[in-house]
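Subject: Structure to look at

Hello,

Here is the structure I promised to pass on. Please open it first, then read my notes beside it.

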Amino acid sequence: MRSDEVADLANFLRARIDEDEAAAQSVRPDTVEDTTGLKAQVLADVAAKRGVLRFVERMQQDAEHADFLVHGPAMIVLSATAFPLRHLAAAYAAHPDFRPEWEPTEEHTQPDPRLTPSGRA
């Protein structure tokens, strides 16, 4: 995935996260069902996803750097961030702005047997 594609995916996620936050902030405690815990969970999820996106933004900035020692590693990290970003975006697959190419592929969903307890040497 190219850095501009990662940027598009990150921008899509940022917009969805903003929508999630706005929806959670609009929830008022209900006398029938206490929604305080759910609201706190959604807001914590929003904060966690924003942390990931801040990291991606930093790598995007570094990828534009003229020094190869900054640019090169940032480009590698950006290509690696496509994997988790695709999975975060998959939660919003029903959104009209979601692009089919962002859907995690079978390759992205299969665990590496070397990393499972039974696969370790």
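Asp62 counts as buried, because its relative accessibility is 15% and the cut-off for buried is under 20%. Keep in mind that this is a predicted model. The side chain of Asp62 meets that of Arg58 in a salt bridge, at 3.2 Å from N to O. Both residues lie in helix α2, four residues apart, or about one turn of the helix. Arg58 has 48% relative accessibility, so it counts as partly exposed.

There is also a salt-bridge network. Shared partners join Asp18, Glu21 and Arg50 into one network. Across the whole structure, a search finds seven salt bridges.

Now the pair Asp45 and Lys49. Their side chains also form a salt bridge, 3.0 Å from N to O. Why are they about one helical turn apart? Because they sit four residues apart in helix α2. Asp45 is partly exposed, at 32% relative accessibility. Lys49 is buried, with a relative accessible area of 12%.

Arg50 forms a salt bridge with Asp18, and the closest N and O atoms are 2.5 Å apart. Arg50 belongs to helix α2 and Asp18 to helix α1 (residues 3–26), so this pair ties together parts that are 32 residues apart in sequence. Are these two residues buried or partly exposed? Arg50 counts as partly exposed, with 24% relative accessibility. Asp18 counts as partly exposed too, at 37%.

Val46 lies in helix α2, which covers residues 36–63. Its relative accessibility is 3%, so Val46 counts as buried. Which residues does Val46 touch, not counting residues up to four places away in sequence? They are Ile17, Asp20 and Glu21. The C-alpha atoms of Val46 and Asp18 are separated by 7.9 Å, although the two residues are 28 apart along the chain.

Then turn to helix α3, residues 68–90. Helix α3 has 23 residues. From its first C-alpha to its last it reaches 33 Å, close to the 33 Å expected at 1.5 Å a residue. At the start of α3, a side-chain oxygen of Asp67 comes to within 2.9 Å of the backbone nitrogen of Leu69. Where is the kink in α3? It lies at Phe83, shortly before the proline Pro84, and is about 30 degrees. The buried residues of α3 include Gly72, Ala74, Leu78 and Leu85. Arg86 is also one of them.

Last, the core. The largest nonpolar core has 18 residues. Leu13 and Leu85 have the most contacts inside it. Which elements give two or more residues to this core? They are α1, α2 and α3. The most comes from α1, with six residues. Leaving aside neighbours within four places in sequence, Leu85 is in contact with Val6, Leu9, Leu13, Val52, Leu53 and Val56.

Best wishes

Methods:
Residues are numbered from 1 along each chain as its sequence is written. This is a predicted model: local features need pLDDT of at least 70, side-chain atom pairs count only at pLDDT 80 or more; totals for chains, interfaces and linings use all residues. Side-chain values use heavy atoms; hydrogens and water are left out. Buried means under 20% relative accessible area, exposed over 50%, partly exposed in between (1.4 Å probe, protein chains only). Contact means heavy atoms within 4.5 Å. The expected span of a helix is 1.5 Å times one less than its number of residues. The bend at a residue is the angle between axes fitted to the seven residues ending there and the seven starting there. A polar contact is a pair of N or O atoms within 3.5 Å; within protein, one must be able to donate a hydrogen and the other to accept it, and residues adjacent in sequence count only if both atoms are side-chain atoms. A salt bridge is a side-chain nitrogen of Lys or Arg within 4 Å of a carboxyl oxygen of Asp or Glu. A nonpolar core is a set of buried Ala, Val, Leu, Ile, Met, Phe, Trp, Tyr and Cys residues joined through side-chain atoms within 4.5 Å.
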